[in-house]
Amino acid sequence: MPLSTARAVMAKQHEMACQQKMTLPLMTNFGVISEHDIQFGACYAVKSFMTSPIMYAPFFCMGASSYRNILSLCVGYHAPAVSEHEVSRLLDDMMMELTK
């Protein structure tokens with residue numbers, strides 16, 4: 001998709017979100033951060049994860065990434081898209097599902 005088309009789609013989504021005072025949730029898979037250990041000089045990264053972007057208010061985006069076989073879930077959101085309590089509850093529910 002050309003950048004101009006992507007910008008137009010996002011502008012339309014932003015306009016709709018502002019009118020409705022809510023946004024559609026977005027899920028993104030950042031994927032595997034690195035197939036090999038990340039090294040900074042003599043130091044190795046023990047943990048690594050990517051954070052979900054916050055594009056505009058209201059906005060909600062959940063992201064997933066992995067490093068060293070550890071899955072990380074993160075949420076980027078901007079009020080009034082969703083309350084902190086609801087985000088915590090969603091992440092708790094997902095953790096319960098993933099650990100079954």
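Predicted model: local features only at pLDDT ≥ 70, side-chain atom pairs only at ≥ 80, totals over all residues.
Visitor: What makes up the secondary structure of the protein chain?

Guide: There are 2 helices and 5 strands. Along the sequence the pattern reads α-β-β-β-β-β-α.

Visitor: Why is the protein chain called more spread out than a compact globule?

Guide: For 100 residues the rule gives 13 Å, and the protein chain has 16 Å. That is well over the rule, so the chain is more spread out than a compact globule. Its C-alpha atoms fill a box of roughly 50 × 35 × 20 Å along the principal axes.

Visitor: How many of the 100 residues count as buried?

Guide: The share is 22%. To count, a residue must have under 20% relative accessible area.

Visitor: How do you know that strands E4 and E5 pair?

Guide: Pairing takes at least two bridges. Here 9 bridges join E4 (residues 59-67) to E5 (residues 70-78). The two strands run antiparallel. Phe-59 stands opposite His-78 in E5. The hairpin has 2 residues between the strands, and Arg-68 takes a positive phi near 55 degrees.

Visitor: What makes the nonpolar surface patch, and where is Leu-98 placed?

Guide: Leu-71, Met-95 and Leu-98 make the patch, which covers about 300 Å². Patch residues have over 30% relative accessible area, and nonpolar side chains are joined within 5 Å. Leu-98 lies in helix H2 (residues 84-98).

Methods
Residues numbered from 1 in each chain as written. Heavy atoms only, no water. Patch = residues over 30% accessible without salt bridge, like charges linked within 9 Å, V, L, I, M, F, W, Y side chains within 5 Å. Areas by Shrake-Rupley, 256 points an atom, 1.4 Å probe, with all protein chains shown as cover. Salt bridge = Lys/Arg side-chain N within 4 Å of Asp/Glu carboxyl O. Helix = DSSP H or I, 4+ residues; strand = E, 2+ residues; numbered from the N terminus. Rg over C-alpha atoms; globule rule 2.2 N^0.38 Å. Buried < 20%, exposed > 50% of the residue type's maximum accessible area, 1.4 Å probe, protein only.
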